[in-house]
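Subject: Structure handover

Hi,

Here is the structure I promised to pass on. My notes follow below it.

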Amino acid sequence: MRQCMKFFPLLALVVISLTGTATVRAATGLNPPVKLVWHYYKVTNTCDDAEAYIRHQVEKLYKNDTTIAPKLLRLLYSDCMVNGCDASVLLQGPNSERTAPQNRGLGGFVIIDRIKKVLESRCPGVVSCADILNLATRDAVHMAGAPSYPVLTGRRDGGALSADAVDLPSPSISVEESLAYFNSKGLDVLDMTTLLGAHSMGKTHCSHIVNRLYNFKNTGKPDPTMNTTLVSQLRYLCPPRTQKGQTDPLVYLNPDSGSSNRFSSSYYSRVLSHNAVLGVDQQLLYNEDSNEITQEFASSFEDFRKSFALSMSRMGSINVLTDNEGEIRRDCRVTNVNYGA
(Lines give C-alpha, C1' and ligand atoms only; values in the text may rest on other atoms or scores of the structure.)
Protein backbone atom coordinates (compact mmCIF):
# COMPACT_ATOMS: atom_id res chain seq x y z
CA MET A 1 0.00 0.00 0.00
CA ARG A 2 1.38 3.42 -0.94
CA GLN A 3 0.19 6.95 -0.51
CA CYS A 4 1.50 10.50 -0.77
CA MET A 5 2.53 11.34 2.76
CA LYS A 6 5.05 13.12 4.96
CA PHE A 7 7.17 9.97 5.42
CA PHE A 8 5.01 8.54 8.27
CA PRO A 9 1.86 9.93 9.86
CA LEU A 10 3.83 10.19 13.13
CA LEU A 11 6.48 12.29 11.40
CA ALA A 12 4.15 14.62 9.54
CA LEU A 13 4.14 17.55 11.96
CA VAL A 14 7.92 17.54 12.28
CA VAL A 15 8.40 17.46 8.53
CA ILE A 16 5.90 20.28 7.96
CA SER A 17 7.87 22.48 10.35
CA LEU A 18 11.05 21.79 8.37
CA THR A 19 9.95 21.68 4.77
CA GLY A 20 6.60 23.36 4.44
CA THR A 21 4.70 21.63 1.64
CA ALA A 22 7.33 19.07 0.54
CA THR A 23 5.99 15.54 0.21
CA VAL A 24 7.50 12.14 -0.45
CA ARG A 25 5.79 9.11 -1.91
CA ALA A 26 6.53 6.41 0.65
CA ALA A 27 5.23 3.02 1.65
CA THR A 28 3.21 2.62 4.83
CA GLY A 29 3.36 -1.17 5.05
CA LEU A 30 4.78 -4.36 3.58
CA ASN A 31 4.57 -5.05 -0.12
CA PRO A 32 1.66 -7.42 -0.92
CA PRO A 33 1.22 -10.31 -0.89
CA VAL A 34 2.55 -10.74 2.62
CA LYS A 35 2.93 -14.49 3.06
CA LEU A 36 4.70 -14.47 6.41
CA VAL A 37 3.18 -14.95 9.87
CA TRP A 38 3.64 -13.26 13.24
CA HIS A 39 5.31 -15.81 15.59
CA TYR A 40 5.04 -18.54 12.95
CA TYR A 41 6.75 -21.27 14.99
CA LYS A 42 4.54 -20.67 18.01
CA VAL A 43 1.35 -20.41 15.93
CA THR A 44 2.12 -23.68 14.13
CA ASN A 45 3.32 -25.30 17.37
CA THR A 46 6.49 -26.49 15.64
CA CYS A 47 9.09 -24.76 17.84
CA ASP A 48 7.35 -22.56 20.39
CA ASP A 49 10.51 -21.00 21.82
CA ALA A 50 12.45 -20.57 18.56
CA GLU A 51 12.65 -16.79 18.85
CA ALA A 52 13.70 -16.99 22.50
CA TYR A 53 16.46 -19.47 21.65
CA ILE A 54 17.76 -17.14 18.93
CA ARG A 55 17.62 -14.08 21.16
CA HIS A 56 19.48 -15.87 23.95
CA GLN A 57 22.30 -16.91 21.62
CA VAL A 58 22.59 -13.41 20.15
CA GLU A 59 22.73 -11.87 23.63
CA LYS A 60 25.59 -14.19 24.61
CA LEU A 61 27.52 -13.44 21.43
CA TYR A 62 26.92 -9.68 21.57
CA LYS A 63 28.33 -9.40 25.09
CA ASN A 64 31.69 -10.60 23.76
CA ASP A 65 31.62 -9.00 20.32
CA THR A 66 29.54 -5.94 19.40
CA THR A 67 30.66 -6.21 15.75
CA ILE A 68 28.04 -8.91 15.22
CA ALA A 69 25.45 -6.13 14.75
CA PRO A 70 26.98 -4.53 11.62
CA LYS A 71 28.11 -7.95 10.36
CA LEU A 72 24.61 -9.40 10.50
CA LEU A 73 23.08 -6.24 9.01
CA ARG A 74 25.35 -6.49 5.98
CA LEU A 75 24.80 -10.25 5.70
CA LEU A 76 21.01 -9.83 5.71
CA TYR A 77 21.19 -7.01 3.15
CA SER A 78 23.42 -9.12 0.89
CA ASP A 79 20.95 -11.98 1.10
CA CYS A 80 17.62 -10.17 0.70
CA MET A 81 18.66 -7.72 -2.00
CA VAL A 82 20.01 -10.32 -4.42
CA ASN A 83 17.40 -13.07 -4.73
CA GLY A 84 15.10 -12.36 -1.83
CA CYS A 85 15.42 -13.43 1.80
CA ASP A 86 16.10 -17.12 1.24
CA ALA A 87 19.47 -17.57 3.01
CA SER A 88 21.17 -18.44 -0.28
CA VAL A 89 24.12 -16.24 0.72
CA LEU A 90 24.88 -18.69 3.55
CA LEU A 91 25.62 -21.58 1.20
CA GLN A 92 29.26 -22.57 0.74
CA GLY A 93 30.93 -23.53 -2.53
CA PRO A 94 33.74 -22.57 -4.91
CA ASN A 95 31.50 -20.29 -7.00
CA SER A 96 28.81 -19.58 -4.44
CA GLU A 97 27.04 -16.29 -3.87
CA ARG A 98 29.21 -15.47 -0.88
CA THR A 99 32.36 -15.60 -3.07
CA ALA A 100 31.19 -12.71 -5.31
CA PRO A 101 33.49 -9.66 -5.30
CA GLN A 102 30.68 -7.52 -3.86
CA ASN A 103 30.53 -9.86 -0.84
CA ARG A 104 34.21 -9.59 -0.01
CA GLY A 105 34.69 -9.32 3.74
CA LEU A 106 31.16 -10.54 4.48
CA GLY A 107 30.93 -11.88 8.03
CA GLY A 108 28.44 -13.31 10.49
CA PHE A 109 28.31 -16.82 9.02
CA VAL A 110 29.66 -18.46 12.17
CA ILE A 111 26.97 -16.72 14.22
CA ILE A 112 24.15 -18.15 12.12
CA ASP A 113 25.76 -21.61 12.09
CA ARG A 114 26.01 -21.59 15.87
CA ILE A 115 22.37 -20.58 16.32
CA LYS A 116 21.24 -23.15 13.76
CA LYS A 117 23.07 -25.90 15.66
CA VAL A 118 21.24 -24.95 18.87
CA LEU A 119 17.86 -24.94 17.12
CA GLU A 120 18.51 -28.27 15.41
CA SER A 121 19.17 -29.82 18.81
CA ARG A 122 15.80 -28.56 20.09
CA CYS A 123 13.54 -28.49 17.02
CA PRO A 124 15.23 -30.52 14.26
CA GLY A 125 14.36 -29.65 10.68
CA VAL A 126 11.90 -26.90 11.63
CA VAL A 127 13.43 -23.39 11.76
CA SER A 128 14.74 -22.03 8.46
CA CYS A 129 18.13 -20.40 8.08
CA ALA A 130 16.35 -17.46 6.42
CA ASP A 131 14.25 -16.84 9.54
CA ILE A 132 17.26 -17.25 11.81
CA LEU A 133 19.17 -14.60 9.83
CA ASN A 134 16.27 -12.14 9.98
CA LEU A 135 15.56 -12.67 13.68
CA ALA A 136 19.22 -12.69 14.77
CA THR A 137 19.86 -9.45 12.87
CA ARG A 138 16.88 -7.76 14.52
CA ASP A 139 18.07 -8.84 17.98
CA ALA A 140 21.69 -7.80 17.39
CA VAL A 141 20.90 -4.32 16.07
CA HIS A 142 18.38 -3.82 18.89
CA MET A 143 21.22 -4.41 21.35
CA ALA A 144 23.20 -1.80 19.42
CA GLY A 145 20.45 0.82 19.84
CA ALA A 146 17.96 0.13 17.05
CA PRO A 147 14.27 -0.55 17.71
CA SER A 148 13.14 -4.13 18.28
CA TYR A 149 10.98 -4.19 15.17
CA PRO A 150 8.53 -7.03 14.41
CA VAL A 151 9.89 -9.85 12.23
CA LEU A 152 7.22 -11.94 10.53
CA THR A 153 8.37 -15.53 10.04
CA GLY A 154 7.67 -18.67 8.02
CA ARG A 155 10.42 -18.22 5.42
CA ARG A 156 11.94 -21.26 3.79
CA ASP A 157 15.45 -21.65 2.43
CA GLY A 158 16.37 -21.37 -1.24
CA GLY A 159 18.90 -23.11 -3.43
CA ALA A 160 22.38 -22.07 -4.45
CA LEU A 161 23.15 -19.04 -6.60
CA SER A 162 26.40 -18.46 -8.46
CA ALA A 163 28.65 -15.51 -7.77
CA ASP A 164 27.67 -14.07 -11.15
CA ALA A 165 24.07 -13.68 -9.93
CA VAL A 166 25.05 -11.11 -7.31
CA ASP A 167 23.93 -7.66 -8.50
CA LEU A 168 24.81 -5.59 -5.43
CA PRO A 169 25.83 -2.12 -6.66
CA SER A 170 29.11 -0.29 -6.19
CA PRO A 171 29.34 2.01 -3.13
CA SER A 172 30.32 4.79 -5.54
CA ILE A 173 27.10 4.99 -7.58
CA SER A 174 24.99 8.11 -7.97
CA VAL A 175 21.82 8.66 -5.98
CA GLU A 176 19.76 8.09 -9.15
CA GLU A 177 21.44 4.72 -9.72
CA SER A 178 21.02 3.81 -6.06
CA LEU A 179 17.32 4.67 -6.11
CA ALA A 180 16.80 2.70 -9.33
CA TYR A 181 18.40 -0.33 -7.67
CA PHE A 182 16.21 -0.09 -4.57
CA ASN A 183 13.13 0.46 -6.74
CA SER A 184 13.97 -2.74 -8.65
CA LYS A 185 13.64 -4.60 -5.33
CA GLY A 186 10.26 -3.02 -4.51
CA LEU A 187 11.74 -0.45 -2.13
CA ASP A 188 11.33 3.33 -2.33
CA VAL A 189 13.32 6.47 -1.54
CA LEU A 190 12.40 6.34 2.15
CA ASP A 191 13.58 2.72 2.34
CA MET A 192 16.81 3.58 0.53
CA THR A 193 17.63 6.56 2.73
CA THR A 194 16.73 4.63 5.87
CA LEU A 195 18.58 1.41 5.03
CA LEU A 196 21.74 3.29 4.07
CA GLY A 197 21.60 4.49 7.68
CA ALA A 198 22.89 1.03 8.58
CA HIS A 199 26.24 2.62 7.77
CA SER A 200 26.00 4.30 11.15
CA MET A 201 28.24 1.41 12.27
CA GLY A 202 30.67 -1.09 10.79
CA LYS A 203 33.69 -0.81 8.50
CA THR A 204 34.57 -0.71 4.82
CA HIS A 205 37.74 -1.45 2.85
CA CYS A 206 39.92 1.44 1.70
CA SER A 207 39.60 0.15 -1.88
CA HIS A 208 35.97 1.33 -1.83
CA ILE A 209 36.94 4.95 -1.17
CA VAL A 210 40.44 5.53 -2.63
CA ASN A 211 38.96 7.03 -5.80
CA ARG A 212 37.18 9.64 -3.67
CA LEU A 213 40.45 10.42 -1.92
CA TYR A 214 42.90 10.62 -4.80
CA ASN A 215 41.35 10.45 -8.26
CA PHE A 216 37.66 11.28 -8.24
CA LYS A 217 36.25 10.69 -11.73
CA ASN A 218 39.80 10.63 -13.13
CA THR A 219 40.48 14.24 -12.11
CA GLY A 220 43.57 13.40 -10.06
CA LYS A 221 41.89 15.22 -7.17
CA PRO A 222 39.66 14.20 -4.25
CA ASP A 223 35.87 14.28 -4.41
CA PRO A 224 35.01 18.01 -4.12
CA THR A 225 31.89 17.16 -2.09
CA MET A 226 34.03 15.65 0.65
CA ASN A 227 35.06 17.65 3.72
CA THR A 228 38.78 18.42 3.36
CA THR A 229 39.54 17.40 6.95
CA LEU A 230 37.95 14.00 6.34
CA VAL A 231 39.98 13.63 3.15
CA SER A 232 43.18 14.19 5.14
CA GLN A 233 42.13 11.78 7.89
CA LEU A 234 41.23 9.02 5.45
CA ARG A 235 44.32 9.53 3.29
CA TYR A 236 46.39 8.83 6.41
CA LEU A 237 44.54 5.52 6.85
CA CYS A 238 44.21 4.65 3.15
CA PRO A 239 47.38 5.15 1.07
CA PRO A 240 47.08 5.20 -2.75
CA ARG A 241 46.74 1.74 -4.28
CA THR A 242 49.84 1.58 -6.46
CA GLN A 243 51.08 -1.99 -6.05
CA LYS A 244 49.58 -5.38 -6.80
CA GLY A 245 48.92 -7.34 -3.63
CA GLN A 246 48.89 -4.19 -1.53
CA THR A 247 47.09 -4.48 1.79
CA ASP A 248 43.55 -3.11 1.93
CA PRO A 249 42.92 -1.66 5.40
CA LEU A 250 39.50 -1.24 6.96
CA VAL A 251 38.11 2.13 8.07
CA TYR A 252 34.98 2.99 10.01
CA LEU A 253 31.92 3.85 7.95
CA ASN A 254 30.95 6.25 10.72
CA PRO A 255 33.95 7.47 12.70
CA ASP A 256 31.54 9.04 15.22
CA SER A 257 30.42 5.61 16.43
CA GLY A 258 33.74 3.90 15.71
CA SER A 259 34.50 0.80 17.75
CA SER A 260 31.38 1.20 19.90
CA ASN A 261 29.25 -0.07 16.99
CA ARG A 262 26.30 1.93 18.28
CA PHE A 263 23.26 2.49 16.08
CA SER A 264 22.68 6.25 15.89
CA SER A 265 21.52 9.09 13.65
CA SER A 266 25.01 10.66 13.56
CA TYR A 267 25.39 9.10 10.10
CA TYR A 268 22.87 11.61 8.74
CA SER A 269 24.57 14.54 10.44
CA ARG A 270 27.80 13.47 8.76
CA VAL A 271 26.09 13.35 5.36
CA LEU A 272 24.78 16.88 5.86
CA SER A 273 28.26 18.17 6.81
CA HIS A 274 29.88 16.39 3.82
CA ASN A 275 31.61 13.89 6.09
CA ALA A 276 30.16 10.67 4.65
CA VAL A 277 32.83 8.03 4.03
CA LEU A 278 31.15 6.24 1.11
CA GLY A 279 30.23 8.09 -2.06
CA VAL A 280 26.74 6.56 -2.19
CA ASP A 281 26.04 7.97 1.29
CA GLN A 282 27.14 11.49 0.37
CA GLN A 283 24.91 11.28 -2.69
CA LEU A 284 21.82 11.44 -0.46
CA LEU A 285 22.17 15.23 -0.58
CA TYR A 286 21.63 15.32 -4.34
CA ASN A 287 18.08 14.05 -4.53
CA GLU A 288 15.34 16.32 -3.20
CA ASP A 289 13.47 13.56 -1.35
CA SER A 290 16.51 11.81 0.14
CA ASN A 291 17.89 15.20 1.19
CA GLU A 292 14.66 16.06 3.05
CA ILE A 293 14.63 12.65 4.75
CA THR A 294 18.30 12.99 5.71
CA GLN A 295 17.59 16.34 7.37
CA GLU A 296 14.63 14.81 9.21
CA PHE A 297 16.62 11.88 10.55
CA ALA A 298 19.59 14.05 11.52
CA SER A 299 17.28 16.14 13.70
CA SER A 300 15.28 13.24 15.18
CA PHE A 301 16.82 9.90 16.10
CA GLU A 302 13.38 8.58 17.05
CA ASP A 303 12.03 9.28 13.57
CA PHE A 304 14.96 7.35 12.08
CA ARG A 305 14.27 4.45 14.45
CA LYS A 306 10.61 4.30 13.42
CA SER A 307 11.48 4.37 9.74
CA PHE A 308 14.19 1.74 10.25
CA ALA A 309 11.65 -0.63 11.77
CA LEU A 310 9.39 -0.44 8.71
CA SER A 311 12.14 -0.53 6.09
CA MET A 312 13.85 -3.56 7.66
CA SER A 313 10.50 -5.36 7.70
CA ARG A 314 9.93 -4.43 4.05
CA MET A 315 13.37 -5.64 3.01
CA GLY A 316 12.85 -8.85 4.98
CA SER A 317 9.74 -9.66 2.95
CA ILE A 318 11.39 -9.48 -0.50
CA ASN A 319 10.70 -12.61 -2.60
CA VAL A 320 10.35 -14.93 0.39
CA LEU A 321 9.73 -18.66 -0.03
CA THR A 322 6.89 -20.11 2.05
CA ASP A 323 4.61 -23.18 2.33
CA ASN A 324 6.02 -25.91 0.07
CA GLU A 325 8.60 -23.70 -1.66
CA GLY A 326 12.28 -24.29 -0.99
CA GLU A 327 13.29 -26.35 2.04
CA ILE A 328 14.28 -26.14 5.69
CA ARG A 329 18.02 -26.76 5.66
CA ARG A 330 19.53 -28.97 8.35
CA ASP A 331 22.81 -27.09 7.93
CA CYS A 332 22.80 -23.48 6.72
CA ARG A 333 26.01 -24.04 4.73
CA VAL A 334 24.63 -26.75 2.43
CA THR A 335 21.34 -27.71 0.80
CA ASN A 336 19.68 -30.83 2.20
CA VAL A 337 20.63 -32.93 -0.81
CA ASN A 338 24.28 -32.32 0.12
CA TYR A 339 23.76 -32.60 3.88
CA GLY A 340 26.18 -35.12 5.38
CA ALA A 341 27.93 -35.59 2.03
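The buried residues of helix 7 are covered by, among others, helix 4, helix 8, helix 12 (279–282) and helix 13 (288–299). Bear in mind that this is a predicted model.

Which residues of helix 7 are buried? Helix 7 spans residues 175–184, and the buried ones are Val175, Ser178, Leu179, Tyr181 and Phe182. They sit on the same side of helix 7, because they cover an arc of only 160° around the axis. The face turned away from that buried side carries Glu176 and Ser184, both exposed. After helix 7 comes Gly186, with a positive phi near 85°.

**The nonpolar core**

The largest nonpolar core has 91 residues. Leu75, Leu90, Ile112 and Phe308 touch the most other members. Helix 4 (residues 68–83) gives the most to this core: nine residues. As a general point, nonpolar side chains tend to be buried together in soluble globular proteins.

**Helix 5 against helix 6**

How do helix 5 (residues 109–122) and helix 6 (residues 129–143) cross? Their axes come within 10 Å and cross at roughly 120°. The crossing is right-handed. Helix 5 makes the contact through Ile112, Ile115, Lys116 and Leu119. Helix 6 contributes Cys129, Ile132, Leu133 and Ala136.

**The annotated site**

The UniProt annotation "binding site" covers His199; the entry is unreviewed. His199 lies in the loop between helix 8 (189–195) and strand 3 (203–205). Is His199 buried or exposed? His199 has a relative accessible area of 18%, so it counts as buried, the limit being under 20%. Not counting residues up to four places away in sequence, His199 touches Leu253, Asn254, Tyr267, Leu278 and Asp281.

**A contrast at helix 2**

Val43 is found in helix 2 (residues 40–43). Val43 is exposed, because its relative accessible area is 58% and the cut-off is over 50%. Apart from neighbours within four places in sequence, Val43 is in contact with Val37 and Trp38.

Best wishes

Definitions and conventions. Residues are numbered from 1 along each chain as its sequence is written. This is a predicted model: local features need pLDDT of at least 70, side-chain atom pairs count only at pLDDT 80 or more; totals for chains, interfaces and linings use all residues. Side-chain values use heavy atoms; hydrogens and water are left out. UniProt positions are given in the numbering used here, feature names are shortened, and annotations may be inferred rather than shown by experiment. Helices (H or I, at least four residues) and strands (E, at least two) are DSSP runs, numbered from the N terminus. Buried means under 20% relative accessible area, exposed over 50%, partly exposed in between (1.4 Å probe, protein chains only). Contact means heavy atoms within 4.5 Å. A nonpolar core is a set of buried Ala, Val, Leu, Ile, Met, Phe, Trp, Tyr and Cys residues joined through side-chain atoms within 4.5 Å. The arc is that of the directions from the helix axis to the C-beta atoms. Axes are lines fitted to C-alpha atoms, for helices over the stretch in contact, and angles run from 0 to 180 degrees between N-to-C directions. A crossing is left-handed if the near helix is turned anticlockwise from the far one by less than a right angle, and right-handed if clockwise.
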